[in-house]
Amino acid sequence: MIELIVADEHSQLYDLWIDRKYRDIALCHVDFHCDMRGLLIDRQKGKARYVWQCDPFMSGLDSGSFLTHAIMNKIVSKLRWIHDDWGGRQYDDLYCVKYESDFSSLPFRLASSNKWVPLLYDELTFNDWGGSTQDEHLSIDWDGIAHVDYDGSRTRRIMTEFLAREFRPKSIFVCRSPIYSDPDNSLFTEFITALETKFETQAQYLPAKEQPQRQANILWRLYHGLEYRILVLMRKKGIF
């Protein structure tokens, strides 16, 4: 029977992996956001590294960065990020994952080579995704299907198409992400029930976990105020 685990926040999956001492797993990550803040991926060379770990915002472990820490701690060594056409880096937070082709990645690509870890990585939209493979664990953020800005018909279409695919992952983890997802709890419950029926399993619910508060001194707050404005201008020009 495929294990189906449900939680409020995605960072709870990282805690689960730590408790189970997982290593070198393959992950299919369905999410509107990358959850890889503070990470640079060289897709051509199959490797990844931290960026700006001296920055408390970038180095913190939460739902926006749990995959970064899972990759750098060698829990996840193969990752596919799946999202709708309206999703991915162009709609993600300004501090989303960096790629080797990004202008802002240059200082880190030229830095010491001993800070990289192996990573097989791909990014796909739902239209190009056929479902998770049997060697992959499936991680689903509800906002990847029912983002708070989606109308009901779009969410219903994505959910129906998702459930129609034929696949059997090693396990399934679903997080509610209440801040970023459709506030209609009945729709989320319907999705979980559909997963239980599709995979002939019973959902296990993890207790709620309080998200850590980011701590930064006045200098870091001033720095991020300036940096944010620069990043906004860069993003408007299509520069990552």
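Predicted model: local features only at pLDDT ≥ 70, side-chain atom pairs only at ≥ 80, totals over all residues.
Local features need pLDDT of at least 70, side-chain atom pairs count only at pLDDT 80 or more, totals for chains, interfaces and linings use all residues, and side-chain values use heavy atoms, without hydrogens and water.

**Exercise 1.** Check the length of helix 6 (residues 185-199) and list what its buried residues pack against.

Solution. 
- Helices (H or I, at least four residues) and strands (E, at least two) are DSSP runs, numbered from the N terminus.
- The expected span is 1.5 Å times one less than the number of residues.
- For the 15 residues of helix 6 that gives 21 Å; the end C-alpha atoms are 21 Å apart, so the two agree.
- Buried means under 20% relative accessible area, exposed over 50%, partly exposed in between (1.4 Å probe, protein chains only).
- Leu187, Phe188, Phe191, Ile192, Leu195, Glu196 and Phe199 of helix 6 are buried.
- They pack (contact: heavy atoms within 4.5 Å) against strand 1 (3-7), strand 9 (136-141), helix 5 (152-164), strand 10 (171-175) and strand 11 (203-205).
- Glu200 follows helix 6, with a positive phi near 50°.

**Exercise 2.** Is Glu100 buried or exposed, and which residues does it contact?

Solution. 
- Glu100 sits in the loop between strand 6 (98-99) and helix 4 (106-109).
- Its relative accessibility is 12%, so Glu100 counts as buried.
- Beyond neighbours within four places in sequence, Glu100 contacts Leu40, Ile41, Asp42, Arg43, Gln44, Ser105 and Arg109.
- The Glu100 side chain reaches the backbone nitrogen of Arg43 at 2.9 Å.

Terms used: Residues numbered from 1 in each chain as written. Polar contact = N/O pair within 3.5 Å; in protein donor to acceptor, adjacent residues only side chain to side chain.
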